[in-house]
Amino acid sequence: QQQQQQQQQQQEQMKPEVGLTEQWFTRSSMVGNTEVHVRPISERDAIDLYRNIMRHRNELQQTDPTFGISVKSLGSVVTAVRNNIFAMQEARALPLVIVANGTLAGEVGYICIDWERKVGYIGYWLSPIFQGKGLMSTAVRDLIDIGFRSLGLEHVDITTRKSNRASMGVAERLGFTHQRGIPDGIRGFASKLSGGLLWFDNVNYEVFTLSSPNASTRAEDSRLPKFFQKECNRFLNSDYTYTEPMR
């Protein structure tokens, strides 16, 4: 218990003194004829996020089943946005939205930041009508730049389902290394968002990492096997929980 308290104190000491809400996290670029803005999420985004997810729910569920259980109402999205903002203010995460030609197109961000090991865990989704145009690759590239140059991270991580070829393609195009030797969790990951338990099997996930040229450690040594599924979600909120699988 004393060791755990020391680790938590180290995490706190390495966080910025202020939350991650500053405007210097905003990025703008042109992707073909599309003007893309990446900026911190705000409560005013909740309605557009809800409409977008509900409109494309079936397609989004094919790559991430949580869209089918976590988004039950506008209120659930408002709560999620507020939780993200709170995590951002406490420097535990950096949730951003992607705006394409004035339309909210999806989300990208560091869903969790391990300040002690200087690792940022990336998550993202994009509306189907904007997919296949290079928007997500551009948004993730901007996020990597923020992580390495503004936050002082040394490694970034993308954990994606094996069935999600588009997501794996983003990691491959941006030069991530496929870490075949790193399991994403020792036993598994369960979500309580459905009111019950939704099981996520480790076998269905792949881990990709990218390191800063100035990294002082190897990604293989910094990216903890259980961090994304156990520690990260404990830091963020109680909606997700690590649990042992039934034998």
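Two strands are said to pair if DSSP finds at least two bridges between them. Helices (H or I, at least four residues) and strands (E, at least two) are DSSP runs, numbered from the N terminus. The model is a predicted one, in which local features need pLDDT of at least 70 and side-chain atom pairs count only at pLDDT 80 or more, while totals for chains, interfaces and linings use all residues. Residues are numbered from 1 along each chain as its sequence is written, and side-chain values use heavy atoms, with hydrogens and water left out.

**The whole chain**

Of its 247 residues, 47% are buried; buried means under 20% relative accessible area, exposed means over 50%, and partly exposed lies in between (1.4 Å probe, protein chains only).

Next, select the eight strands that form an open sheet of mixed pairing, in the order 1-2-3-4-5-6-10-7. Its edges are strand 1 (27–31) and strand 7 (177–178), each of which pairs on one side only.

Move to strand 4 (residues 103–114), which is joined to strand 5 by eight bridges and runs antiparallel to it. These two strands form a hairpin with four residues between them, and Lys118 in the turn has a positive phi of about 60°. Within this pair, Val108 has Tyr124 in strand 5 as its bridge partner. Six of the eight residues of strand 5 are buried, so strand 5 is largely enclosed by the rest of the structure.

Strand 5 and strand 6 run parallel and are joined by four bridges. Select Ile122 here: its bridge partner in strand 6 is Ile158.

Continue to strand 10, which runs antiparallel to strand 6 (residues 155–161) and is joined to it by seven bridges. The bridge partner of Thr159 is Val207 in strand 10, and that of Thr160 is Glu206. Strand 10 is mostly covered, with six of its seven residues buried. Strand 7 also pairs with strand 10, in the antiparallel sense over two bridges; there, His178 has Phe208 as its bridge partner.

**The core**

Which residues have the most contacts inside the largest nonpolar core? They are Val108, Tyr110, Ile122, Val140, Ile144, Leu151 and Phe176, in a core of 51 residues. Such a core is a set of buried Ala, Val, Leu, Ile, Met, Phe, Trp, Tyr and Cys residues joined through side-chain atoms within 4.5 Å. Helix 6 (residues 135–150) gives the most to this core, with eight residues.

Now centre the view on Val140. Leaving aside neighbours within four places in sequence, Val140 is in contact (heavy atoms within 4.5 Å) with Val108, Ile122, Tyr124, Ile158, Val170 and Leu174.

**A helix with a buried face**

Select helix 2 (residues 46–55), where Ala46, Leu49, Asn52 and Ile53 are buried. Viewed down the axis of helix 2, the buried residues fall within an arc of 135° (taken from the directions from the helix axis to the C-beta atoms), so they line one face of the helix.

**A last stop in a loop**

Finish at Arg218, in the loop between strand 10 (205–211) and helix 8 (219–222). Is Arg218 exposed, partly exposed or buried? Its relative accessibility is 48%, so Arg218 counts as partly exposed.
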